[in-house]
Amino acid sequence: MNNVKILMMLPKRSAFVVLFILSFVLPLTLSQKMFASEAPAQVAQEGAVSGVELPQFEGGQMSGSEQSPEGQPAASVGTETAVAAEEEEVGPVQYRTFFGIDSRLVVWIVSELHLMFAAFVLGVPIFAVIVEIVGFKGGDIKYDKMAKEFTKLLSAAFATTASLGGLLGFCLFGLYPEFMGHMTNVFAPTMYVYALMFFGEAFTLYGYYYSWDILKGTAAKKWFHISLGVMLNLFGTGLMFLTNSWATYMMSPAGIVPATGKVLSLYHAMYNPLWMPVNIHRLIANVCFGGFVVGAYAAVKFLGAKTEEEKAHYDWMGYVGNFIGVGALIPLPFAGYWLGREVYSSSPVMGNIMMGGAFSWTFIIQAILIGMLFIGVNYYLWLGMGRIKGSERYTKFIKYLIFVIFLCFAVWLTPHNLPLSGEERAMIGEQYHPFSKYFGVMAAKNAVVNLIILATFFSFLIYRRSNKGEMVPFSEQGRAGKIGIFSALIFCLLMLVSYAVSLNFVELEANIKVFVNPLIRALYIQSFVVCLAAFLTFKNKGKLGQTLLFAVTACIAVLYFWYYGFQVMQKANLVLRYLSVTQVSIVMSCLIMNAIIDVFMFRKAKLVGGIVWGKMPVRSQYALLLLCIVIVILMGLMGFIRSGLRMDWHIYGVLQDTSQWAYTPTLSYMGRVVGLIVVLFLGLVTFVFWLANLGEKKEKAKAKDYNYDEAAADYENTH
Amino acid sequence: MANKRNTFLLIWVLTAVGCLFVFLKYASPKIFQVLMAKDHPMPTPSTLMMWYMIMGVLAGLVYATTSNQKFADLLSFLLPGSGPIIKSFLQKMLFVGFPVLVGWFVYTWSIPGAASPVELRIQHPTLPQEFEKLENPFRQKDEETQRKSIEEGKILFQTYCRPCHGSKADGNGPFANSFRLRPINFQDPGTIATVVDNYLFWRIKEGGPGLPSESTPWDSAMPSWKDDLKDDEIWMIIMGEYDTAGVMPRQREKLE
């Protein structure tokens, strides 16, 4: 009966979503028609005067005489005659203001809020479906319940995301008509696809959530439900990829004639140089973001839990949220580094602005935030060991891990250019203090971030071992163990050796190519050590194999490449790209091989005690809250950097921003705006989750009544 | 019952933080003096000192709160109770020493002084768009022409740049000591090796006066050479400069 009611509610909610979509799509298509009809007339008019065909997107710009040398509107504009003003009113508008408020600020806040909600809505389904599959395959209803709870949050946040998306569309078309005219001119076909995919996203999301209880009971039904979840992810990812193409086109435009704005290839405009790096970076970051937001939700529920059962549930949920967050956090620096390199490749100027120029200090803030994330996740894991009997055997490692992680953090945030007073400069006697000289460059940063990742992975290993006692010899693990280790070995070898072989064929000048040889050797050494670790595992010496793998990885990827990075920087910067990929491959092979060895080594091991879910100190929950706040700030900051790198261009090198807000904000102004966005997002998300729980309370009350009725009926039947 | 060592956890943490302070303030300047063969110590900049100390305190707090037992041990030191005489003595020291330390910080920060302000410098000013697409004409030429341009560039470098940047491009020219901010050591891999040729072309041509308006105030004594040197001469200087410093310019990468 309840299911029927739920199904009845579906069309109502869908109608609500459809209205939102239509409200977004209609103005979009209408304005496109408007631009399409206005542009040729306008070009013809101006072309007749100057005798030169003007680019379409410049049609709305003021003429040179109306602009100041800096591109600002001249003061005399306001003193024109009434006739001129009337003419100006009917002509195309370049910029509008939002009730006198700074238009850029309005778009900044709305787009960032939309992105944050969208990140949550896109990230959570990825792991909700995985958790559901884990629960289904393992036969543990606990996972299924948690996946449903994740999805409940998702459906609550989805409508807010759509509302903010609509608002963002209105703001962009209303406040930046000329810019949106250009974007529509290039991307109109993809906008229809976007709208259609939004339908798919809405239908699969609500279908996935509301059919949860209907589609269970048989394996076929459950698989159908899971496939709905997979479809939801496909639609979500597709939507993100589409919007990313618009955003990255603004940074690295392609597929058009820059001088005229004529579209040559929509494919190249979409698949512009930064499209795929941003796609991958955002995909991973969304999962990380979703994990930490869910962790914070669980922390709040844990802190307000009335019963031990509730506490245990939300403690476990917080652990899973943190696990997902840290799982995605580990590859994130690699994806970020790739994106950074592609920014340099697409425009060395933009690259310099980013890492060494006006935005370099925002990267110091980023370093602090990322450091806090790593410390937070490790701290939570260490506190979590307190609820596991048997963890005392491993707590001795914590102090060393703290030392390593904080040391890496110190190097990670040391800037190349230090803020110095004149007296300090005089005392140091040269441009760079040794700390900034050796810690401030990318070679050092890459080395320490890899060490932080290795240390975090080590924390996780000792956490999962805490509950495990005496091991079963590997020879008794059966075929599964052998196949598992062998598969991991093949995968790692393929990754390492194939890359080593490909490095032999890179096209570089001979004097630069010699710098590639040490990388090839490092990859072969790592391949040998991976084989050795697998061999030792087969010989029941897995722990020795793991230790060896950790040690060699740290020596090559951290110590040696730290030193070698400096050499390459001086003589052959083109090799840096290959060095970083080598570094990542070596670290990833260590993580994969060690994880698989650990899984099979401790399979069937005797349990020392048990995990007492719910037995967590309160400060661990504040650590989860801190992680959520930090990741939200980080996303706000990185959004500012990505968008701000275009400086005074709407579309870099193609369409200039001539509005009065075409300047890079100061750090303090940026800090205040990002702070405001963070507060707004956290406030909104709290409100939305509170609303979602209102429904839950109602359903619980109904379930209580229902159970009472059922019990009463049973009682009557029995008697 | 916590053992004796754990009862003094707070003292251990404070000692570790104190050791970090001593290392940064006194040991590291001397160590760098020896390692870098300088005739003067290399004091740790105040900004770094503050950041590292904050991290040291944070690391101590993280360590002391990783388990309920440790946290209880940390706090137990502050509570009155039985214990060895040394504990009572250290407690009194702490209760007196901590406010004195805070007072000392407040005093040193608020006392009027004549120190110059700390500047938030950035590494690379933004290269104007019109310089982005330029190419060094000599890099594309045959080996013989490149060699000649390097030789000529070296002569030009020694003529125009040596007084400040030094004959080895190490920032130790005869006039170097007269600047508040010494000329850059180009041999350092973090300087000209990280930028493309045309970046140097812009910096030489426009100099300090041509620096962009954002991120001001700049602190550059670099003159503008556009009225004294032709473009080709500037490109040759760049060729000679990289060769003198023994580093290579950043090269444009192909997009993957």
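In the predicted model described here, the axes of helix H12 (residues 360–384) of chain A and helix H22 (residues 618–644) of chain A come within 9 Å and cross at roughly 160°. Axes are lines fitted to C-alpha atoms, for helices over the stretch in contact, and the angles between N-to-C directions run from 0 to 180 degrees. H12(A) is therefore roughly antiparallel to H22(A), given that angles over 145 degrees count as roughly antiparallel, those under 35 as roughly parallel, those from 65 to 115 as roughly perpendicular and the rest as oblique.

Because the model is predicted, local features need pLDDT of at least 70 and side-chain atom pairs count only at pLDDT 80 or more, while totals for chains, interfaces and linings use all residues. Residues are numbered from 1 along each chain as its sequence is written, and chains are lettered from A and ligands numbered from 1 in the order in which they are written.

Chain A as a whole has 23 helices and 2 strands, these being DSSP runs numbered from the N terminus, with at least four residues (H or I) for a helix and at least two (E) for a strand. Of the 719 residues in chain A, 46% are buried, a residue being buried if 20 or more other C-beta atoms lie within 10 Å of its own, exposed if 12 or fewer do, and partly exposed in between. Ala296(A), which lies in helix H8 (residues 275–303) of chain A, is buried, with 28 other C-beta atoms within 10 Å. Leaving aside neighbours within four places in sequence, Ala296(A) is in contact with Leu624(A), Leu625(A) and Cys628(A); the C-alpha atoms of Ala296(A) and Leu624(A) are separated by 5.3 Å, although the two residues are 328 residues apart along the chain. In the loop between helix H21 (576–601) and H22 of chain A lies Lys604(A), which has a positive phi of about 65° although it is not a glycine, and which counts as partly exposed, with 13 C-beta neighbours inside 10 Å.

In chain B, helix H8 (residues 197–206) and helix H9 (residues 231–245) pack at an angle of about 120°, with their axes 10 Å apart, and H8(B) and H9(B) are therefore oblique to each other. Their contact includes Leu200(B) and Phe201(B) of H8(B) together with Trp235(B) and Ile238(B) of H9(B), and by class it has 7 nonpolar, no polar and 2 charged residues. Ala169(B), in the loop between helix H7 (143–165) and H8 of chain B, has a positive phi of about 60° although it is not a glycine, and is buried, with 28 other C-beta atoms within 10 Å.

Between the chains, 57 residues of chain B are in contact with 62 residues of chain A, and H3(B) gives the most to the side of chain B that touches chain A, with 9 residues.

Definitions and conventions: Two residues are in contact if their C-beta atoms, placed from the backbone, lie within 7 Å. Ala, Val, Leu, Ile, Met, Phe, Trp, Tyr, Cys and Pro count as nonpolar, Asp, Glu, Lys and Arg as charged, and the others, Gly among them, as polar.
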